[in-house]
Amino acid sequence: MLHRPFSFSEAARMQALPLRPSRPSRAPTMPVDPELRTLQIDIPARPESLVQLSLLMADEDMNLQAASRLIEGDMALAAAVMKAVNSSLYGLKGRVQSVQQAITYLGMREVAAITFEMGLRAAFPPAPELDPIWQRAAQRGLIMGRLASPMGQDAWAAHSAGLFEECGKAVLFRHAPDHYPSMLRAARNDSELVSLEVAGFGVSHDALGAALCESWGLGAAAVSSVRHHVQAQASGELPELQPRRAISALSVIAHAMMADPETLDDVVSRVAPQAEIDVTLALRSARRVLEQMQDAAARER
């Protein structure tokens, strides 16, 4: 697989505004291998099947049969998509037997997003440490996509942003598989993790995630949301200079739903106005999606 080297000078240009955690915290101190500071980090290239799928998704009159054939043409990818579609996360009553049937039940946006998720996972070596990241990615992407539509936002951009939010962690894990897991274990939250990453590698996972989003052709709104998600989730404030703030607002709302649902109403009331989203509409949509999440969790028990 081809890779694009990502230089630390490029990473420095992508560093975000200073983090503003909701409460002061002290990052744990850890020994850092000096050799890691001198290494370049590779960004995995987008698989050709996803390049073609992106082109189809960009067409207003998308050919659903062509999209179905494209996904089914990659046997490993199609099998992974079907396994995901039939999981409890999507809550389908009967078992789906084909990609075309999945599109009929779920719609092309969700099937395309699942395909991107599987393609993203396949770009990295399997590792138990990454499984929680991919599980959160699937759930977050689904939540953000379902939040977006009733709020009048781009559901494809939202779903993509949710899928790719933590992908920079996978990049760093592949870069330093012996060293990075200790950072994941030591950090109590992503704000602390960012501090450890910058100290150890000269770049943080949010910057790397945004770089991967750009190289894989995701839209500017998704790239911006991935780049700023740590800061926005920690502070509840969307960066003033961030364009297309709505997708970032959905990221903060999804984070609350996954991490601390009891704070959902307060979080929505705080971030929705910053993105010029109607608070009442946002609350109604978020509560409905949260109920869907809880139903899916109940089915897994």
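The model is predicted.

**Stop 1: Gln292**

Select Gln292. It sits in helix α16, which covers residues 279-300. In sequence, Gln292 and Leu89 are 203 residues apart. In space, their C-alpha atoms are 9.1 Å apart.

**Stop 2**

Next come the rings. A pair of aromatic rings is described by the distance of the centres and the angle of the planes. How many aromatic pairs are there? The count is four. Select Phe116 and Trp156, one of these pairs. Their centres lie 5.4 Å apart. The angle between the planes is 80°, and the pair is edge-to-face because angles over 60 degrees count that way. Trace the chain from each ring. Phe116 belongs to helix α6 (residues 108-122), and Trp156 to helix α8 (residues 155-164). The pair links distant parts of the chain, 40 residues apart. Phe116 is buried, with 4% relative accessible area.

**Stop 3: Tyr180 and Phe201**

Move on to Tyr180 and Phe201. What kind of aromatic pair do Tyr180 and Phe201 form? This one is tilted, with 55° between the planes and 6.1 Å from centre to centre. Tyr180 is in helix α10 (residues 180-186). Phe201 is in helix α11 (residues 190-201). Check the surface at both. Tyr180 is buried, at 0% relative accessible area. Phe201 also counts as buried, at 1%.

Methods:
Residues numbered from 1 in each chain as written. Predicted model: local features only at pLDDT ≥ 70, side-chain atom pairs only at ≥ 80, totals over all residues. Heavy atoms only, no water. Helix = DSSP H or I, 4+ residues; strand = E, 2+ residues; numbered from the N terminus. Phe/Tyr/Trp six-rings, centres within 6.5 Å; stacked < 30°, edge-to-face > 60°. Buried < 20%, exposed > 50% of the residue type's maximum accessible area, 1.4 Å probe, protein only.
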